[in-house]
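Subject: Structure for your review

Dear colleague,

Please find below the structure that I am handing over to you, together with its sequence.

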Amino acid sequence: MIWTVDSHSPTSLREQIVMSVRRAITIGELSVGDHLPPAAELGEALSVDRNTVLAAYRQLRDDGVLDFRRGRGVTVARTTSPPSPVVKSAYQLIEIGRANGLDRDQLIQLVRELS
């Protein structure tokens, strides 16, 4: 899996990490039981504070996506349905919108106006 974050993006680093994990699950790069890198290791690789990585992991845990096991690390607890072209396109729309300064509500409004 390729982990990337953009420190100049209007999207927080935590949210970028959350989106990276969700994207990897959606496109099948991560499956149930797969291990994620330790927060300190991923933080160092991305030049991000490990607490930012931990916050992203905790959000995903709270959403039921990840599982924390002492001594076993962080694993994928569940995945969504198989990737579809619509889901992939929606993720692309979100990324492009956020890169251009649009938040969730603005993207939803845009889709409503265009449909």
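Predicted model: local features only at pLDDT ≥ 70, side-chain atom pairs only at ≥ 80, totals over all residues.

Helix packing

Two packed helices are described by the angle between their axes and the distance between the axes.

I begin with helix α1, which covers residues 13-26, and helix α4, which covers residues 85-99. Their axes come within 11 Å and cross at roughly 160 degrees. Because an angle over 145 degrees counts as roughly antiparallel, α1 is described as roughly antiparallel to α4. The crossing of these two helices is left-handed. On the α1 side the contact is formed by E15, M19, R22, R23 and T26, and on the α4 side by V87, Y91, I94, E95 and R98. By class, these residues comprise five charged, four nonpolar and one polar.

Helix α1 also packs against α3, at an angle of about 50 degrees and with the axes 8 Å apart. The two helices are therefore oblique to each other, and α1 passes α3 in a right-handed crossing. From α1, the contact draws on L13, R14, E15, I17, V18, V21 and R22; from α3, it draws on T52, V53, A55, A56, Q59 and L60. Eight of the residues in this contact are nonpolar, two are polar and three are charged.

The residues involved are A39, A40, L42 and G43 of α2, together with R50, V53, L54 and Y57 of α3. This contact has six nonpolar residues, one polar and one charged.

The nonpolar core

The largest nonpolar core contains 21 residues, and V21, L36 and L66 have the most contacts inside it. Two or more residues are contributed by each of α1, α2 (39-46), α3 (50-62) and β2 (73-76). Setting aside residues up to four places away in sequence, L66 touches V21, L36, Y57, L60, R61, V74, T75, V76 and A77.

Individual residues

Is E15 buried or exposed? With a relative accessible area of 19%, E15 is buried, because the cut-off for that term is under 20%. E15 lies in α1 and, apart from residues up to four places away in sequence, touches Q59 and R98.

Q59, in helix α3, has a relative accessible area of 24% and is therefore partly exposed. Leaving aside neighbours within four places in sequence, Q59 is in contact with R14, E15 and V18. Between Q59 and I108 there are 22 Å in space, C-alpha to C-alpha, and the two are 49 residues apart in sequence.

T75 belongs to strand β2. At 12% relative accessibility, T75 counts as buried.

With kind regards

Notes. Residues numbered from 1 in each chain as written. Heavy atoms only, no water. Helix = DSSP H or I, 4+ residues; strand = E, 2+ residues; numbered from the N terminus. Buried < 20%, exposed > 50% of the residue type's maximum accessible area, 1.4 Å probe, protein only. Contact = heavy atoms within 4.5 Å. Axes fitted to C-alpha atoms, helices over the stretch in contact; angles between N-to-C directions. Parallel < 35°, antiparallel > 145°, perpendicular 65-115°, else oblique. Left-handed = near helix turned anticlockwise from the far one by under 90°. Nonpolar A, V, L, I, M, F, W, Y, C, P; charged D, E, K, R; others polar. Core = buried A, V, L, I, M, F, W, Y, C linked by side-chain atoms within 4.5 Å.
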